[in-house]
Amino acid sequence: MRGVVIVRLTLTNFMAHGHTVLELAPGLNVLCGPNNTGKSAVVEALRCLTVNPTPRHVIRHGHNEARVEAELENGWRVAWVRRKAYALYEIFAPGLDEAQVFAKLGRSGVPAEVAALLRMSPVPLDRGEEVDVHLGNQREPIFLLDKAGSVLADFLASSTESAHLMSMQDLLRDKTRKAKQNRSRLLEGVLESERGLDRLAPLPDISLALDDARERGHSLEIRVQAEPALTGIASRLSDVAGRTRALGLKARALSAAIPPPDMLPAARLAGGLGNMRALAGQGDRARRTLKDLRPLSAPPELAAAWNLAALCAGQATLRTQLAAGSARAGLLSGLAPIPQPPDPRPLAILVRETAALAARLAATSARAGLLAGLAGPALPPDPRPLAAIVEAMAQLRIRMANGRAYLSERQAGLDDLSKRIALRLEQVGACPLCGNDLDAGRFLDREKGHGTAKG
């Protein structure tokens, strides 16, 4: 029968614990921490709950009693209370707050009801000793390794827990095999991940090439967007050239004009002379302008100049970008042409696999961080005493087999002797002393009461 499963353990004024509640998870639970923090006290509390020791040193200083309460998986609660003069047990049924109290414990120490609920009592041996198969003491060797060979043989021969120990060994071997297989699979996964990361090594170069292509495309888009504005500027320049030609024609016409007659008033004449001088100056300037513009081609038609400032600023920006593009083109002129990008679907698959591997790596790093604080496994003890015990156990098995064979032979001899006695009694018929009929069954039972049967 397997031991009970404790889901919650509460220690109140027990050694170093003022009030501690331990929620126990299914399977393995590990208590770790600095020295003198009460880890060993938890094991001692379980021992007090199961065997009810007499010392009262477990009571916390300054208090009158210590209490250890265990809640089982079936809903029952068992509490051990140690006071200065005596100890008692309390049992709480599922869903009830009123306890059944066991105060007068006598020599038994642990009530039968408590032992039946906990199922953690030590295993008695034929020689009167007991072996605790559930709890171990600190700084003691592995279970049974410090016991004499006779105790070990008695335990293996008579203990009802031997089958459980064998099954535990088989379970440990199975878990070890599965752990090795899982480790091999993990190592293969790590190697595969490293190979996948090696395949992703060209990704930085491809990313840089894509960024460069995006910048060049953005520059081309800016130039395409600026093309209508440049067309407008060219149209406006054409309009300015047309007006310049018109002014030149007007200047030539004014230079060939007939002077006014002398009958005009002097004031008007003076004004006319001033106008003529101004026109002459304009004509000179127009002629010089025409002389300068004659070798040139006809200017384009000019467009409206209301957004000329914005266009000029855009041109300045384009010149700056053109200079930067020319410098970049000079740097890139010696490079090989951009390769054609491969099919992105395998790359997407690799990206997903990389993300999954990164998540697994993060989980592994977190697990490694949690395990970093744990102490390393204890060094195994010297195997030579264990080898001697194993050899002694092998010799004991041989002796037990010989004993069984001897007992079988003796039993066969006894059976043959019983048949012979029954046959002899049947031949005699009646007792020569009392005259009663001789019955083989009663005769053999009576003889067994005094000793072995006589022939």
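In which helix do Asp-174 and Lys-178 both lie, and how many residues apart are they?

Tutor: Both residues belong to helix H4 (residues 162–199), where they stand four residues apart, about one turn of the helix. Helices (H or I, at least four residues) and strands (E, at least two) are DSSP runs, numbered from the N terminus. The model is a predicted one, in which local features need pLDDT of at least 70 and side-chain atom pairs count only at pLDDT 80 or more, while totals for chains, interfaces and linings use all residues. Residues are numbered from 1 along each chain as its sequence is written, and side-chain values use heavy atoms, with hydrogens and water left out.

Asp-174 and Lys-178 form a salt bridge, their closest N and O atoms being 3.3 Å apart; the term denotes a side-chain nitrogen of Lys or Arg within 4 Å of a carboxyl oxygen of Asp or Glu. Asp-174 counts as partly exposed because its relative accessibility is 24%, and Lys-178 is likewise partly exposed, with a relative accessible area of 47%. Here buried means under 20% relative accessible area, exposed over 50%, and partly exposed in between, with a 1.4 Å probe and protein chains only.

The structure holds 13 salt bridges. In one of them, the side chains of Glu-215 and Arg-328 meet at 2.4 Å, N to O. That pair links distant parts of the chain, with Glu-215 in helix H5 (residues 203–255) and Arg-328 in helix H7 (residues 308–332), 113 residues apart. Glu-215 is partly exposed at 41% relative accessible area, as is Arg-328 at 36%. Salt bridges that share partners also join Arg-67, Glu-69, Arg-77, Glu-90 and Asp-97 into one network.

Another salt bridge connects Glu-23 and Arg-8, with 2.7 Å between the closest N and O atoms. Glu-23 lies in strand E2 and Arg-8 in strand E1, 15 residues apart, so the pair links distant parts of the chain. Glu-23 counts as exposed at 53% relative accessibility, whereas Arg-8 is partly exposed at 28%.

These strands belong to an open sheet of six, in the order E2-E1-E3-E4-E5-E6, with antiparallel pairing; two strands pair if DSSP finds at least two bridges between them. Strands E2 (17–23) and E6 (100–102) form the edges, each pairing on one side only. Within the sheet, strand E3 (residues 65–72) and strand E4 (residues 77–83) are joined in the antiparallel sense by seven bridges, and Glu-69 has Ala-79 in E4 as its bridge partner. Helix H1 (residues 39–51) packs on the sheet, touching strand E1 (6–14), E2, E3, E4 and strand E5 (87–92), and its direction makes about 100° with that of E1. Contact means heavy atoms within 4.5 Å; axes are lines fitted to C-alpha atoms, for helices over the stretch in contact, and angles run from 0 to 180 degrees between N-to-C directions.

A search of the whole structure finds zero disulfides, a disulfide being a pair of cysteine sulfur atoms within 2.5 Å. Cys-32 counts as exposed at 57% relative accessibility, and Cys-312 as partly exposed at 38%.

Finally, the confidence of the model: pLDDT, the predictor's confidence in each residue from 0 to 100, has a mean of 78 for the protein chain, and 78% of its residues reach 70 or more. Over residues 449–455 pLDDT stays under 50, and for them the model has seven contacts beyond four places in sequence.
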